[in-house]
Amino acid sequence: MNGTVRDRPALGRTPVALVVPSAIGLLLLLVPLAALLVRAPWSTFLDRVRDPAILDALRLSLLTSTVATLLCLVLGVPLAWLLARTTFRGMGLVRALVSVPLVLPPVVGGVALLMAFGRRGVVGQWLDEAFGVTIPFTTAAVVLAQTFVAMPFLVMSVEGALRTADPRYDEVAATLGARRLVTFWRVTLPLAGPGIAAGAALAWARALGEFGATITFAGSVPGVTRTMPLQIYNAMQTDTDTAIMLSVILLAISVAVLVALHSSWTGRAWARRDGLDAA
Amino acid sequence: MTGLDARVVLRRGPLEIDVALAVPPGEVLALVGPNGAGKSSALRALAGLTPIDTGHVALGGTVLEDSETGVRVPVPQRDLTMVFQDPLLFPHLSVRDNVAFGLRHHPGAGRVGRRDARSRADEALARTGLSDLADRKAAHLSGGQRQRVATVRALACDPALLLLDEPTSALDVAITAQVRAFLRRHVREFGGVTVLVSHDPLDAFVLADRVAVLEDGRVTQQGTPDEIARRPRTDYVAHLMGMNLMRDGDVYRTFSPTAVTLYREEPVTSARNLWRLRITSVVPHGDAVRLQLRGPVALVADVTRAAVADLDLHEGVEVWASVKETEVTTFED
């Protein structure tokens, strides 16, 4: 930050034409968050939090987003490994497919999930007939919707972490007799650990904030599918103060994730430093 | 046969590498040659890290790879280990666990359990005088310590074949000698086959029982370090040995750069070997100065700094060079 001031004599003044839009952009990010804090009903905050409906929503949100993140890890880390360490036909297609939920409007994702896992859905119909299992409007549907939207965040950041990990460690492990799965568990995963943690934190944050796909696919059943974002939307219709308070809680959780992310990034420094030393 | 028996043919663009090797257990073979001659590619092919285009690799009578039958044993199942140019210690593991890693998984080490692997790793570190480092991570070791640990990690598995890929070239000059001495001590008592690749002749001559010279993908000369040093067959080997080489049919004639005498005027001399040459390079060489000379023959001459000043020797100057016949070693093919 100091650099911009000190660089000025060497390369010329920092252009006003760049500083002004930057400042406006920052304000656009800052003012709404500040407004949230300014208007929060601090005096009645604790009383409102004790509302069982709110506690239910908070508990449901934390539970579903954590389960969704675990699902993302179990399914997404192997997928990221395949993309980073192997070559196969249709790899470009797979990579494109993984990133679709990033650009897809969540509502569309919710409709698509209904078409797949709904009672009359392509898979859902069979699940219903064969096992008597119905997914929509259950907590499982919430988890599925969150996994759907959060998966790209995990796969992309883990793939990035695996790509920057030196593949020569895989070669050394092989010459020491380690089969590929052993190398994956004992070498590749630990080396990519900080990247995986960062990806998991991003995925968790995305799952926590999920709204569109959830309300479409899982509905807004109190205590079952009404997560914090849905509870906020619900509260906005009747009780703005409660909506603001819930928003402040989610904001606090997001900031906490950001801090955790930052420390895991600095935690990655050891891997980078050692990679340099070894090279 | 026991030991390593291989013929490795690799096509790398314009370069075709074709190397045949037969190395009995207990012998250290050094592949030396200029950069880009294909040494490291051949070594990686022996390890199985890159497939061979044509040929075969057999170790202790077991075929590891054969282009005709299509056999190709995956790297982890081959009874070999490799020390790379960079130590590549796993940064998240301690020195002990780095050594134990191979002991737990390598076929030559019998794939022992975690506890056994750790205690055997401690024994291996104790044997090689590295016990002090057991609890440290790679980031807290010096470059020389890391390469020593990498060597112990490879040797502890007791493989049938040990591959060393330029093991001292990434180190500081000051540390190279120590690591080379360490390698000599522990590779010499290793009972399996060792193949070493290096562009540094000292590695080869300190460590190897036999040297194969690889130039442009082919072995141009093979023999004991002594034979190679005394009877170089190519300019590359001669210059590697700091010798001048002249070939006349089947007769090879070598002499040391210090045996060359230079004159500004044509001398009256009894020397039979007298040439008019141009100086193409002048560089310090220890206490002396090394000159490259071109003309009817190409020579390397070492002269004193005083001579450089007295005779005003610099690039582009034409001089007379002579060598006394008594300084020349002659041998036939």
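This is a dialogue about reading some features of a predicted model.

Colleague: How many helices and strands does chain B have, and how are they defined?

Modeller: Helices (H or I, at least four residues) and strands (E, at least two) are DSSP runs, numbered from the N terminus. In chain B there are nine helices and 19 strands, and the C-alpha atoms fill a box of roughly 80 × 50 × 35 Å along the principal axes.

Colleague: Is strand β17 of chain B buried or exposed?

Modeller: A residue is buried at under 20% relative accessible area, exposed at over 50% and partly exposed in between, using a 1.4 Å probe and protein chains only. In β17(B), residues 299–303, five of the five residues are buried, so the strand is largely enclosed by the rest of the structure. B:Leu299, B:Ala301 and B:Val303 cover one side, and B:Val300 and B:Asp302 the other. For chain B as a whole, 53% of the 333 residues count as buried.

Colleague: Which strand pairs with β17(B), and in what sense?

Modeller: Two strands pair if DSSP finds at least two bridges between them. Here β16(B), residues 288–294, pairs with β17(B) in the antiparallel sense over five bridges; a hairpin of four residues joins β16(B) to β17(B), and B:Gln292 stands opposite B:Val300.

Colleague: Turning to chain A, which residues does UniProt list as transmembrane regions?

Modeller: UniProt positions are given in the numbering used here, feature names are shortened, and annotations may be inferred rather than shown by experiment. The unreviewed UniProt entry lists residues 16–38, 58–84, 96–117, 137–162, 183–205 and 243–263 of chain A as "transmembrane region".

Colleague: What secondary structure does the model show over residues 96–117 and 243–263 of chain A?

Modeller: Residues 96–117 of chain A are 91% helix and 0% strand, with end C-alpha atoms 22 Å apart, whereas residues 243–263 of chain A are 100% helix and 0% strand, with end C-alpha atoms 31 Å apart.

Definitions and conventions. Residues numbered from 1 in each chain as written. Chains lettered and ligands numbered in written order. Predicted model: local features only at pLDDT ≥ 70, side-chain atom pairs only at ≥ 80, totals over all residues. Heavy atoms only, no water.
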